[in-house]
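Hi everyone, thanks for coming. Today I'd like to walk you through the charged side chains of one protein. Let me put it on the screen.

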Amino acid sequence: MITKQQYVEYLISTPINYTCTNLAEHLEGESHDAVSDYLERDKQTARHLWELVEGLIDNCPEACMIIDDSVHNKQYSRSIEMVKLQYSGAVGGLVRGIGVVNLVHTNGEDGEHYPVDFRVYAKEADGKTKNDHFQEMLIRAVIERQIKAKRVLFDSWYASWKNLKIVHRLGLMFYTTLKSNRLVSMSKESGYIHLDEITWTEEMLKNGIIVKLKKVPFKVKLFKVVATNGDIDWVITNDLDETVISQVAQEANDLRWQVEEFHRELKQLTGSEKCQCRKARSQRNHLACCYHAWLSLKVQAKALDKTIYRVYTDLFSDYLRAELRNPRIIALQPI
């Protein structure tokens, strides 16, 4: 009988082929059906991930939580449940795939980030939107799991007035971006205007401005962050302290890239997009095991003071060294 440990270790060790057939071929006495049956009968969830990661995070008020979603590309699949057409930032357009919303914890330092919760986006199955998952994961993190991080980072997709209100009510500070068509009011007399209609002075660019966001019952601080290439990010926070200036807002917003780093590593190192099983339960279990595999690589990388990619490639470097010392296939020599 296949175990979770065997499946996770297979995900870590196989370089290309992540199919049930390939695993069965490399396990003595096991069949393809045994592997597929494991994925269909087991029920791995985000709770199992939390049990593994709870003791690893730096649970302090200075830490942050980042919420973002990712699409696991299944563009060549036509019979896999939960696969549907949805927007993928990785490809910059629509792609057939399985969407997942992730909650990642970071202490703000490079490399020190861990996924603490995730939700598969399958509205047809559970009726929940990505914003529903956003709210449920955040409430669970703060109320049930007592995660102490005071800042929450997310992009404009999740910056709805309902989400902002929930974050604020939980006593958390949010840093998020807005789209330029959002309406804000600088005073009762001026009424609501679009973000790109505001005239900015040097002082405003440095210190931000206090504005009222439509449908949000509390004021926020707005920053116009201009990148070197001219791109503009409209960043808002409910932290109105005068020490929160443009540089602080920009640094907080930049931390969101850690979740993108996690998404890339999960896909490239664990085969999260490669499972060909058709059943939704099999796909859910495969994804949960991929999180476990990533976490195992992460812990090993930290222990060895290496990058997670270096730990992964070292597995195959050992094989190459062994083959060079004692090759099983000898290069053909001229007669």
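So, how many salt bridges does a search of the whole structure find? The search gives 12, where a salt bridge is a side-chain nitrogen of Lys or Arg within 4 Å of a carboxyl oxygen of Asp or Glu.

Two notes before the tour. This is a predicted model, where local features need pLDDT of at least 70 and side-chain atom pairs count only at pLDDT 80 or more, while totals for chains, interfaces and linings use all residues. Residues are numbered from 1 along each chain as its sequence is written, and side-chain values use heavy atoms, with hydrogens and water left out.

Let's start with Lys84 and Glu124, whose side chains form a salt bridge at 3.6 Å, N to O. This pair links distant parts of the chain, 40 residues apart: Lys84 sits in strand S2 (residues 84-88) and Glu124 in helix H5 (residues 123-126). Helices (H or I, at least four residues) and strands (E, at least two) are DSSP runs, numbered from the N terminus. Are the two partners buried or exposed? Lys84 counts as buried, at 18% relative accessibility, and Glu124 counts as exposed, at 65%. The cut-offs here are under 20% relative accessible area for buried, over 50% for exposed, and partly exposed in between, with a 1.4 Å probe and protein chains only.

Next, please find Lys302 and Glu112, with closest N and O atoms 3.3 Å apart in their salt bridge. Here the partners are 190 residues apart, and again the pair links distant parts of the chain: Lys302 belongs to helix H11 (residues 280-304), and Glu112 to the loop between strand S3 (93-106) and strand S4 (113-121). Glu112 is buried, at 18% relative accessible area.

Arg310 and Asp314 both lie in helix H12 (residues 308-325), four residues apart, about one turn of the helix. In their salt bridge, the closest N and O atoms are 3.0 Å apart. Arg310 is partly exposed at 45%, whereas Asp314 counts as buried at 17%.

Which residues are linked in a network of salt bridges? Asp117, Arg119 and Arg145 are.

One last stop: Asp254 is found in helix H9 (residues 246-254), and Asp254 is partly exposed, with a relative accessible area of 39%. Thanks, everyone!
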